[in-house]
Amino acid sequence: MAEINLSDEEKYFIIVGVAQDIRADGRARLDYRSKEIEANVITNAHGSIRIKLAETDVIIATKVELGSPDEDKPELGKLEFLVDCSPLASPEFEGRGGDQLSETICGILTSSYSTSGAIDMKSLCIVPEKFCYVINVDILVLQCGGNLLDVIAMGCKACLGICEIPVVTGLRFDLGEPTPVFTTDEYEFTYLDVREAPVVVTLPRVGRYFVIDATIEEESCSKGKLAIGVTSKGDITSIDKIGRCCYQLRSLAASIKLAAKVGQGLNKVLLEKIESIKSQKKQLINPDFPEGYIRRKTYKELVAGVDVKIVRVADVATVFAEEFPTATYSKPYLTEKLNQANFFSSDWTSGED
Amino acid sequence: MFCTQGAGSHSLPVSWPETYGKMSRQTTVDNLWTQNIRPDGRSPTEMRQIKCSMGVFDKDKGGGGSAYFQIGNTKAVATVYGPHEGRASQKKVGAANQDKMTVNFEYSSACFSTNDRKTSTKADRKSMEMSCRLKSIMDNVFVHHLSEGSQVDIYIELIQDDGGAYAACINAVTLACIDAGVPLQDFVVACSATMAHGIPMIDISAAEKSTGMPELTLGILSKSKEIVVMEQNNLLKLIYFSDVLNLALDGCQRMLQVLEETCYHKFSLLQRVIEANLRRERT
C-alpha cells in the first residue's frame, strides 16, 4: 500500500484528534468525504466510470466478451476483476511494485462478489455449458489518496450497473453447434441488476477507534484494518482483515455493525446515481423512443425455454432479415439459401427431440 | 462506429444511419472520398478536438508535475517526479556519466485502451519499446547541466488509444515536464499525418489506421524546427512523402499553439495567485 512517512508528533496529533472525534480535516469519525462520479469516460468500453474521492482517483471500465462457463458451474456466467496500479499513483508502483496491492484488492472484490445473491450470474449464461457472457472489470488506479478499496468497490458497483450488455438475437448453427448471434444495433442492450451488489467498507483502527473513509495520513497511523462487504439490505458478504493488528471479539462485533450501517447508506446513494446515469442515457438515445425499446427481443423470448433446439428455421431467418434490413433478401429467399448451403444440420431442423 | 466528436464546420449534417441507411457502407465511404470528406466527417486538414491541461493531480509530494492530453478519443496522462536525488540502484548505473541527469521512464497502456482487451497488467514488449523511444526523445531535450547527477521519473499512461497515440504521448510528456519544472531546451510537439486516395491527411484516427493507411508521426522542437521524432509505417509512395511531411509539420505548428495556450493559461493563473498572496502579506 502506498504509504507516507509521518513523524511521531504528526501521528500523535492524528490519533489524539480521532479520540476527540475531530479529525485533521475537520470531519467526525463517521463522516464520508464527497465523491464525484463521471460516467462513460472510455468510449470503447461497455460501461465506464471515473470516481474521485478527494485525492483518490480511479477509472473503471467493463468489457463484455463471449466465453465458455466453468465446468463445475455450467449455468453461470463469469465476472472477472483486474486491478492495475499505475505508477502515476506512486513511484512505488513502478515495474511490478504494484502487483501485491492489486492482488489483494482483486481478492477482496472477488470474494465479496462471489456470494450467490450479489449478482444474478445465471442471467449471464447464454447456452449452458457452451457460451456465457464474461464481464471483465478493469480497474486503473490513477491516484491513491487513502481509502482506495472503498472507492474501487463503489466504482465497480456503479460500473456494473451501467454496463450495457449486448442482446443475443438468435442462434446460428455452425457445424451443428449453436453459436449466439449478437445484435448489430448499438442501442439494443440490457443492464445487469446490481441492487444487491456489495460495496466494501474499510475500517482502519486509529488508536482505539475505528474511522471510516480514512485519508492516507490516517492509514499510515493505523496498524491494520477491516474490509467488510455490505449489501443494500445491510447483509455482510465478506470480511477481510488486512495488516498486523489484533482485535478483541467485542470490538469486532461493534465494528461490523457499524460497517453494515455505513454500507447501507453508501449503497442507497450509489443506486440513485446509477439510475440517474441510466435515465440520462435513455434520453440521449432518443427521447421519443417507446419505453420498451431497449429490451426489444431477448434471448429467452426467442428461444422460449431453456432447450436450445426449439429454435425454428423461420425464426432464425427473421433474425437474419432484421439484421440486414437494407439487403434485397426476402425471408423465403434467405431460408432457401440457408437450406441450400446446408446451414442447418438435418437432424436438428426435422425434429424437436 | 463512426465518431463525430471534434468535427468542425465540415462535419456531416446528420449521423450515419438516417442519411445512408439505403446504401451499403463501402459505397458511401467511397462517395465521401471524392468529396474530400474523411470517414469521421473531417476535412483532410482538420484535426480532432484537443483538450489538454496541466497539473491534473494535486501533488504535494516530491515536487511533481502532471498533464492530461486528449485528441479526439485518444487520451494520455503523464506524471513527472523530480528532479530529485538519484536512488541507489540508479546511481550505480549513472556513475559513469555523473554530469548527466538520469531519466527513468515508464510507459503503460490501460487494459481497456484499445478495442481488444489487454489481459495482463505486466509490461509487454510493445510498451517497453515505447518507453525506450520516448525516453531517448526526452533525453535529447533535457538541459542536463542544470541538474547533474539527479534523477527524473516520468510515468505515462495511455487511457484510450484511438489513433495517434505516440504523438499524444509526446505532447503529454512535454506538458508534464513543463509543469514539474524540469529544464527543457524547447517544446517538443508531435503530430501524425497520413495519406489515402492521393490526399494527404492530418491526424490519423484508429478507424483510418485499421484500413491500412500509412501513419507518419513527426515531432519537432518548436523554435529551431529540428525534427526529433520521425516514424512511419505502412506503404507510402515517395512522390507523396513531401506533401505528407509538410502537412505533419503544419500540424506540429498548430499543436504548439494549443500547448503554448495551455502553458500561458496555467502560468498566468499562477502569477495571479502569487500576486494576490504578496498583496495579502503586505496588508
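Two strands pair if DSSP finds at least two bridges between them. Strands here are DSSP runs of E, at least two residues; helices are runs of H or I, at least four; both are numbered from the N terminus.

Ground rules next. This is a predicted model: local features need pLDDT of at least 70, side-chain atom pairs count only at pLDDT 80 or more, and totals for chains, interfaces and linings use all residues. Residues are numbered from 1 along each chain as its sequence is written, with chains lettered from A and ligands numbered from 1 in the order in which they are written.

Strand S13 (residues 224-230) and strand S14 (residues 236-243) of chain A run antiparallel, joined by 7 bridges. Leu226(A) has Lys241(A) as its bridge partner in S14(A). Gly229(A) stands opposite Ser238(A). Between the two strands sit 5 residues, and Gly234(A) in this hairpin takes a positive phi near 95 degrees.

Now the sheet. S13(A) and S14(A) belong to an open sheet of 4 strands, order S12-S11-S13-S14, with antiparallel pairing. S12 (209-210) and S14 of chain A are the edge strands, each pairing on one side only. What packs on this sheet? Helix H3 (residues 148-161) of chain A does, touching S11 (199-206) and S13. The direction of H3(A) makes about 170 degrees with that of S11(A). Axes are lines fitted to C-alpha atoms, for helices over the stretch in contact, and angles run from 0 to 180 degrees between N-to-C directions.

On to the record. An unreviewed UniProt entry annotates "domain: Exoribonuclease phosphorolytic" over residues 32-166 and 198-260 of chain A. Such annotations may be inferred rather than shown by experiment; feature names are shortened, and positions follow the numbering used here. Residues 198-260 of chain A are 29% helix and 40% strand.

Next, the interface. 24 residues of chain A contact 23 residues of chain B; contact means C-beta atoms, placed from the backbone, within 7 Å. S6(A) gives the most to chain A's side, with 5 residues.

Last, chain B. The axes of helix H4 (residues 125-141) and helix H5 (residues 165-180) of chain B come within 11 Å and cross at roughly 45 degrees. That makes H4(B) oblique to H5(B); under 35 degrees counts as roughly parallel, over 145 as roughly antiparallel, 65 to 115 as roughly perpendicular, the rest as oblique. Leu134(B), Ile137(B) and Met138(B) of H4(B) make the contact with Cys169(B), Ile170(B) and Val173(B) of H5(B).

Terms used. Two residues are in contact if their C-beta atoms, placed from the backbone, lie within 7 Å.
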